[in-house]
Structures are given as structure tokens and as C-alpha cells.
Amino acid sequence: MAAGDYPKFPLRVFDLGKPGWVVDARAMSDLVRVEPIALLPTQAGCAVFLGNGKKAIVFYIDPAVGAAINASLGGQQPPRPLTHDLYLLTLQAFGAKVARAVIVNMENEIYYARLILEAENEIMERKIIELDARPSDCLALIVRCGAPFYVVRKLWDSLEDMSRVLAEMRENTGEGGDQAP
């Protein structure tokens, strides 16, 4: 890898035990907390609506991930761990947990997110790990573990409010299909 090149899927690890590391609380004010407000079937998969009570955004995911999210939101426990369950169990085994997920960018109608993990165990001091992730996978994880989901405020402010589209889709499907709690 040449100098200045970055891996396709960057991973950042922050060692909180080292002197000089300061968590910037101001960065959290640049985020908008969102919750899943609806998962609706579409011809191509599933429409996921995230909102903050004032505005909603939408992105589309494949039906399998949509079904996994919907099952978790509905409190259903599969007889065997699904992929997202297995990932959370692996994190737990290594003393890590999902701290939060953040949608950080949208380019060519594709959203990009970061999954933030915190790890601390008998082998290492507390670390924060930031992974490149699909928003759909982030959502599937956070609905299972209760971690918060955010959108970068600058991005959130630039996105169109899709509340009207949500209302229309709910009308067209006869009170909206599956809704998040």
C-alpha cells in the first residue's frame, strides 16, 4: 500500500488509556438521534423510515435484513442466532459492545454509516473502534442491543423530510405494514 492510500473499509481504533486522548463532547451536539419509525415492504425490498419526531428520512434495504430488523422490533427470538445476533454474541465474548451507529454521508443516493464499538477486557484497556458499515446492518444491530442511532446534523439538515411519503405508503398498504415501536 502506497503512502497516503487507505484501506477500502477503514478501521480506526482509539486507545482511551493513553494520555492525551479526550472524547470531544461537542461532537455529540453535531448529531441528530433517530429511531426506526416504519419498515414497509416495497417491490424491491423494504423501505426503512428513521425519524426524530419532527422529520423522517428513508432508505431501502434488502428483504432479508428488513425481516431480521422487523422480527427483532417485534420481540421475536429466532430458534438459532441470526447473523446479527451472532455478531453481537461475538462482541460480548470479547468484552465489546455496540456504543452507537451514525449515518455520516449520502452519495449517489447511498447512505454510509459508522458503527462505533467499545471494548474493554482483561487483555486490553478501554478502546473505541469505528467501523465502516451499511446503515441497514447498523439498524439490525442497534434494535437488538438498544444502542442509539444518529445522523450527522449537517447531513440531516440537507435531507428532504419524507414524512409525507411515509403517510402515502401507509395509506397505500392499508395502515402501513410493519411499524417500528
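The exercises below, with worked solutions, concern a predicted model of a protein chain.

**Exercise 1. Chain overview**

Give the number of helices and strands in the protein chain, their order, and the share of buried residues.

Solution. 
- Step 1. Counting the elements gives 6 helices and 8 strands.
- Step 2. Read from the N terminus, the order is β-α-β-β-β-α-α-β-β-β-α-β-α-α.
- Step 3. The protein chain has 181 residues, and 40% of them are buried.
- Step 4. The accessible surface is about 11,100 Å², with carbon and sulfur atoms contributing 54% of that area.
- Step 5. Take the contacts between residues at least 6 apart in sequence: 60% of these join residues at least 24 apart.

**Exercise 2. The nonpolar cores**

Describe the largest nonpolar core, then follow the contacts of I103.

Solution. 
- Step 1. The largest nonpolar core holds 36 residues.
- Step 2. The members touching the most other members are L50, I69, V98, I103, L115, L139 and F149.
- Step 3. By element, helix α4 (residues 135-145) gives the most to this core, namely 6 residues.
- Step 4. Leaving out residues up to four places away in sequence, I103 touches L50, F59, Y111, Y112, A113, P135, F149, Y150, V151, V152 and L155.
- Step 5. As background, nonpolar side chains in soluble globular proteins tend to be buried together.

**Exercise 3. R114**

Locate R114, decide whether it is buried or exposed, and name the side chain with which its own side chain makes a polar contact.

Solution. 
- Step 1. R114 belongs to strand β6, which covers residues 110-119.
- Step 2. The relative accessibility of R114 is 10%. The cut-off for buried is under 20%, so R114 is classed as buried.
- Step 3. The partner is E130: the side chains of R114 and E130 make a polar contact at 2.8 Å.

**Exercise 4. E160**

Locate E160, classify its exposure, and find which residues it touches beyond four places away in sequence.

Solution. 
- Step 1. E160 sits in the loop that lies between α5 (153-158) and α6 (163-172).
- Step 2. E160 has a relative accessibility of 54%. Exposed requires over 50%, and therefore E160 counts as exposed.
- Step 3. Not counting residues up to four places away in sequence, E160 touches K55, A56 and I57.
- Step 4. For I57, the separation from E160 along the chain is 103 residues, while their C-alpha atoms are 7.1 Å apart.

Note on methods: Residues are numbered from 1 along each chain as its sequence is written. This is a predicted model: local features need pLDDT of at least 70, side-chain atom pairs count only at pLDDT 80 or more; totals for chains, interfaces and linings use all residues. Side-chain values use heavy atoms; hydrogens and water are left out. A nonpolar core is a set of buried Ala, Val, Leu, Ile, Met, Phe, Trp, Tyr and Cys residues joined through side-chain atoms within 4.5 Å. Buried means under 20% relative accessible area, exposed over 50%, partly exposed in between (1.4 Å probe, protein chains only). Helices (H or I, at least four residues) and strands (E, at least two) are DSSP runs, numbered from the N terminus. Contact means heavy atoms within 4.5 Å. A polar contact is a pair of N or O atoms within 3.5 Å; within protein, one must be able to donate a hydrogen and the other to accept it, and residues adjacent in sequence count only if both atoms are side-chain atoms. Accessible areas come from the Shrake-Rupley method with a 1.4 Å probe; for residues, only the protein chains shown count as cover.
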